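Here are my notes on the model you sent over. I have kept them as numbered points so that you can follow along with the structure open beside you.

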Amino acid sequence: MVQPTESSDLPLKLMREIEAMDGSVGYDAVIVCCSTLQQENFWQARLVDTAGQAARKGALIFAVHEDWAPDGAGNGLGTLYAYTKARAKAKAEGVDLDAKMKEGWSVAIFHTAGKGTRLAPLPGSENNNKPGVKLPSIVKVGGKDEQLTILESVIRQTNSYAPGRKGRCSVFWGDQIFVPSNGTAASGAGHADILACLGPMPTQAEWAEKGLEKYGLIAVNDSGEATQVEKVTYDQATDLLKSFGNVSAVGPSLGSFSVSAALMAGLLEEFCAELEAKAAKFDSDPDFWMPLSLSEASYVKIMSTKDVAEDKATTHFARMQAFKAKFMEAHPGPKMFASINVGTLEECYWWDYGMLKLYVKNNMLATAQTEEARALHKFMKITSNIMDSKVGAAVVDDRSVVLSSTFGDGKVTNCVCASVAVMDLDVEDCLLVNVKAKKVRGKGLVLYNVVDDSEEGICLADGDVRVNVYMPGRDKIVMKSNVCIDGGKVFKTKMDVNPYSYNEVYLMNGAVDVVEAKMLLVEAGEKLKAEMFPGAEKIL
């Protein structure tokens, strides 16, 4: 995001939004959709343990996993399927989730499935538990300091929408935090609504300047109805929207949406056959919102760019329009599809952790001297640049952030260090997350879940990335990369610096118990720390 000017009142407004993201408010029920049963078990326990720091204290937690066909359910059917699995879990606990939502409960689903290829090699170090990738912020788990995870940060951030979404189910993605400049407006104008960064309809030149052709876009007309178009040029957008009425606002979609209790029930009924067979794949944008809000001609034209045959697109459009007609007759009042404006791209804070270079960029933001950096500190509950740490004889500059760490000697310049124990270090512009080592040297390094007991220590080239992978019954695996490498492009390629490709590590992690593997990492780190700093308090 573009940094707001220091002279405006926008930073204050954004800081107030962050102050509301403190875990004291939130959803009545939190559903987490995971990739495996092992991850389901991890998150079921973890979110109960961190209640009040991520999910609201007292919220019901239902972690589920998507046991679907190999190609997945898509995030549309995946949302419905996650809800049905959570509903079954709730019933076993004596809770009727459908009835509670109709009575006014706010429910949220967080999608976390996926390999996390763009974030490689970090998800592999978490044994494929991509939402469990750590951030430089500390939470209490069983009385001990642990690091906040990406998923917990997303839950903490989105909690502020809960009070305005009674009787609705909200759906969020588990790898980005956004701070709305437009406040957290209440839902209700539409049975479905979607978050978007809206502004006035741009000119052709402004469209190109903002790069809007790179985004899925939401358009809103004068009557407040919304529609969605995929990545299109200005000319394509105006052609597709010419039957939509006067476009009063347009902007990139955040993808996150909410549905009324009635629409959730209607969609579950409409797609009951697919849910039972667990074979089809539908995504929310192209398979739900677009055929419900576009004209047939516009929908077919857009789907043709996705290699969807005209007859298939026409058939699906007719199905969704028939559903819409029947549903709106039974539930008049709200529009079918609306949008919630979070503010323009230039004004909002948007911290994306789904790609390695963005993970590094947005964590290193903590060292900056800007309003946005101060906002990040507030969100991450960083009240001092050095917290719960013993830096020994090490010289730490005033830009570095050091959390729950122990140093012996050395120099730390413009770094972020969380849960680090190193006897001798000389680091600059580095991101160190959960690192235990005798010696570390480097500039621009990213060390993550690293335990290194060698006397020579770690000395890497600028921008190098190193992680460890612990699996029961296997020796520790060391995987490397560089901040300039997109893991998604090399995921299946074995690089010379690594013993395996990222995909091979992903496959090895497939049946690993996340909790058991985590304990191996913890035990190795605590053992080395005890050797380096006898008597030091255990800090993960």
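**Notes on the predicted model**

1. The angle is about 70°, and the axes of α11 (residues 284-293) and α13 (residues 310-330) are 9 Å apart. On the α11 side the contact is made by D287, F288, P291 and L292, and on the α13 side by H316, F317, M320, Q321, F323 and K324. By class, these residues are 6 nonpolar, 2 polar and 2 charged. Contact means heavy atoms within 4.5 Å. Axes are lines fitted to C-alpha atoms, for helices over the stretch in contact, with angles from 0 to 180 degrees between N-to-C directions. Ala, Val, Leu, Ile, Met, Phe, Trp, Tyr, Cys and Pro count as nonpolar, Asp, Glu, Lys and Arg as charged, and the others, Gly among them, as polar.

2. A word on the basis: this is a predicted model, with residues numbered from 1 along each chain as its sequence is written. Local features need pLDDT of at least 70 and side-chain atom pairs pLDDT 80 or more, while totals for chains, interfaces and linings use all residues, and side-chain values use heavy atoms, leaving out hydrogens and water.

3. Now the chain as a whole. The protein chain has 18 helices and 23 strands; these are DSSP runs numbered from the N terminus, helices being H or I of at least four residues and strands E of at least two. Its C-alpha trace spans about 70 × 55 × 45 Å along the principal axes. Among contacts between residues at least 6 apart in sequence, 61% join residues at least 24 apart.

4. Helix α2 (residues 37-49) packs against helix α18 (residues 514-532) at an angle of about 70°, with the axes 8 Å apart. That makes α2 roughly perpendicular to α18. Here Q38, Q39, F42 and R46 of α2 meet V514, V515 and K518 of α18. The residues of this contact divide into 3 nonpolar, 2 polar and 2 charged.

5. Which residues of α15 are buried? They are E371, E372, A373, A375, L376, H377, F379 and M380. The helix, residues 371-380, is mostly covered, with 8 of its 10 residues buried. Just after α15, K381 takes a positive phi of about 60°.

6. P136 links to that region. This proline lies in strand β4 (residues 134-141), and P136 is buried, with a relative accessible area of 4%. Leaving aside neighbours within four places in sequence, P136 is in contact with N363, M380, I382, L403, V416 and A418. M380 is also one of the buried residues of α15.

7. Is A261 buried or exposed? At 12% relative accessibility, A261 counts as buried. A261 lies in helix α9 (residues 261-270). Beyond its neighbours within four places in sequence, A261 is in contact with M101, K102, G167 and R168. A261 and G132 are 129 residues apart in sequence and 30 Å apart in space, C-alpha to C-alpha.

Definitions and conventions:
Buried < 20%, exposed > 50% of the residue type's maximum accessible area, 1.4 Å probe, protein only. Parallel < 35°, antiparallel > 145°, perpendicular 65-115°, else oblique.
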